[in-house]
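Biologist: Before we discuss any details, could you put the sequence and the model on the screen, so that we can go through it question by question?

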Amino acid sequence: MNLQNPKKFKMLIDQAHEVALNVLRPISRKYDKAEHAYPKELDMLSSLVDGMNEGGDGMNAGAAVNKRGDSESGNKNGINMSTALSIIEMCYGDTGLLLSMPRQGLGNSAIAAVANDEQLERLKGTWAAMAITEPSCGSDSAAIRTTATKDGDDYILNGEKIFVTSGDRADSVVVWATLDKKLGRAAIKSFVVTKGTPGMKVERLEHKLGIKASDTAAISFIDCRVPASNLLGNPEIDVAKGFAGVMETFDNTRPLVAAMAIGCAKASLERIKEIFKDELDEQYATPYLQTSNLAAQIYRMEAEWEAARLLMIKAAWMADNKKPNSREASIAKAKAGRVGNEITLKCVELAASVGYNEEDLLEKWSRDSKILDIFEGTQQIQQLIIARRELGKTSSELK
């Protein structure tokens with residue numbers, strides 16, 4: 001495993017970095033204060049990203065999933081890696097604005113993970129949000145209560161989803177629902193529900209601590225009729241496989257969330273190093289035990305950040321090379337989420353009045369980073385998944 005960024009992605013990374021500095025940073029505070037206002041500046045940017053994605057490797061969450069099990073020789077750095085490296089730079093600019101990018105929703109990854117070829121073609125170009133969490137079901141995705149009842153050539157959905165990122169703005173929502181509550185997690189399937197479908201209603205938009213540029217919605221489904229062709233993947237209930245198919249989505253999106261945390265923390269680290277540049281050794285020639293306490297804290301944060309970055313790169317590389325990466329994806333998400341929180345908050349603390357003031361973005365980055373340790377599976381859930389993989393236990397054996 002080469003620990004450097006692949007050379008073929010250098011131009012993509014440089015472009016994303018320039019976008020972060022010249023497009024996202026200048027409007028970051030504006031949309032932090034104007035919560036729920038759509039950032040119109042992203043329309044042209046998203047068109048450019050679409051063009052880059054058409055050319056192959058780009059920043060495209062919707063293409064960031066490979067089917068597991070296909071045999072392919074060699075070492076590949078593909079769409080998972082390019083997406084993750086681009087996300088680091090974009091979140092170096094603003095995490096909330098990245099999450100507001102049209103056609104880059106987490107629902108796109110769900111479509112790519114389990115959709116058949118016909119669905120992939122038909123849904124190409126859609127902007128899909130992901131609706132999993134419910135009022136009575138948070139971290140335990142298997143406890144979903146939203147139902148999907150077959151009725152002729154349609155399914156009828158009933159239930160409520162909360163904390164849906166881009167739930168109001170997206171073209172469609174990928175909804176997790178159960179075909180039969182008695183069969184537990186095995187009966188959970190994902191459905192693409194187009195915006196404006198009768199029975200689907202955005203009930204409210206949440207007011208949040210961070211990522212305020214991104215809309216987070218609560219959505220109800222009351223006798224919402226969805227074509228059977230919009231059930232992603234195989235409609236048959238496979239008790240042996242459970243809902244491993246829909247869960248494959250997380251194996252690809254968790255490294256991307258880790259990349260978000262790494263990008264946000266990178267911004268804070270660079271800012272704190274700029275503030276205290278006179279007290280730091282740029283060459284790292286001073287022995288650690290002989291540095292000041294301030295310098296030692298910054299060096300420790302840099303080491304933790306680098307560890308999180310490398311774990312994320314490994315998980316993304318495994319996805320590109322079609323290797324099972326559930327354990328590594330959770331390790332990367334857990335490490336990056338925690339380290340991102342610690343770094344951004346510590347930088348606010350070290351910067352004192354500068355860090356606590358809205359004149360600087362340090363305080364905003366600390367607020368934005370909190371969600372990155374929560375969504376796509378909390379810190380505790382990631383540790384539980386890692387423990388299961390390490391001990392060879394099933395979800396029923398280790399809860």
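Biologist: How many of the nine residues of helix α5 (residues 106-114) are buried?
Modeller: In this predicted model, the buried residues of α5 include Leu-106 and Gly-107 at one end of the list and Ala-113 and Val-114 at the other, with Asn-108, Ser-109, Ala-110, Ile-111 and Ala-112 named as well. Helix α5 is therefore largely enclosed by the rest of the structure, and the number of its residues that are buried is nine of the nine.

Biologist: How many of the ten residues of helix α10 (residues 362-371) are buried?
Modeller: Those that count as buried in α10 are Leu-362, Glu-363, Lys-364, Trp-365, Ser-366, Arg-367, Asp-368 and Ser-369. Because of this burial, α10 is largely enclosed by the rest of the structure, the number being eight of the ten.

Biologist: Which side chain forms a polar contact of 2.5 Å with the side chain of Arg-29?
Modeller: Arg-29 belongs to helix α1, which spans residues 10-33, and with a relative accessibility of 14% Arg-29 counts as buried, since the cut-off is under 20%. Leaving aside neighbours within four places in sequence, the residues in contact with Arg-29 are Glu-358, Asp-360, Leu-361, Glu-363, Lys-364 and Arg-367. A polar atom of the Arg-29 side chain lies 2.8 Å from the backbone oxygen of Asp-360, whereas the side-chain partner at 2.5 Å is Glu-363.

Biologist: Are the axes of α1 and α3 roughly parallel or roughly antiparallel?
Modeller: The axes of α1 and helix α3 (residues 79-93) come within 7 Å and cross at roughly 30°. Because angles under 35 degrees count as roughly parallel, α1 is placed relative to α3 as roughly parallel.

Biologist: Is the crossing of α1 and α3 left-handed or right-handed?
Modeller: On the α1 side, the contact is made by residues including Leu-12, Ala-16, Val-19, Leu-24 and Ser-28, and on the α3 side by residues including Ser-82, Leu-85, Glu-89 and Gly-93. As for the hand of this crossing of α1 and α3, it is right-handed.

Biologist: Which residue is 235 residues from Ser-82 in sequence and 9.9 Å from Ser-82 in space, C-alpha to C-alpha?
Modeller: Ser-82 has its place in helix α3, and Ser-82 counts as buried, with a relative accessibility of 0%. The residue at that separation from Ser-82, in sequence and in space, is Trp-317.

Note on methods: Residues numbered from 1 in each chain as written. Predicted model: local features only at pLDDT ≥ 70, side-chain atom pairs only at ≥ 80, totals over all residues. Heavy atoms only, no water. Helix = DSSP H or I, 4+ residues; strand = E, 2+ residues; numbered from the N terminus. Buried < 20%, exposed > 50% of the residue type's maximum accessible area, 1.4 Å probe, protein only. Polar contact = N/O pair within 3.5 Å; in protein donor to acceptor, adjacent residues only side chain to side chain. Contact = heavy atoms within 4.5 Å. Axes fitted to C-alpha atoms, helices over the stretch in contact; angles between N-to-C directions. Parallel < 35°, antiparallel > 145°, perpendicular 65-115°, else oblique. Left-handed = near helix turned anticlockwise from the far one by under 90°.
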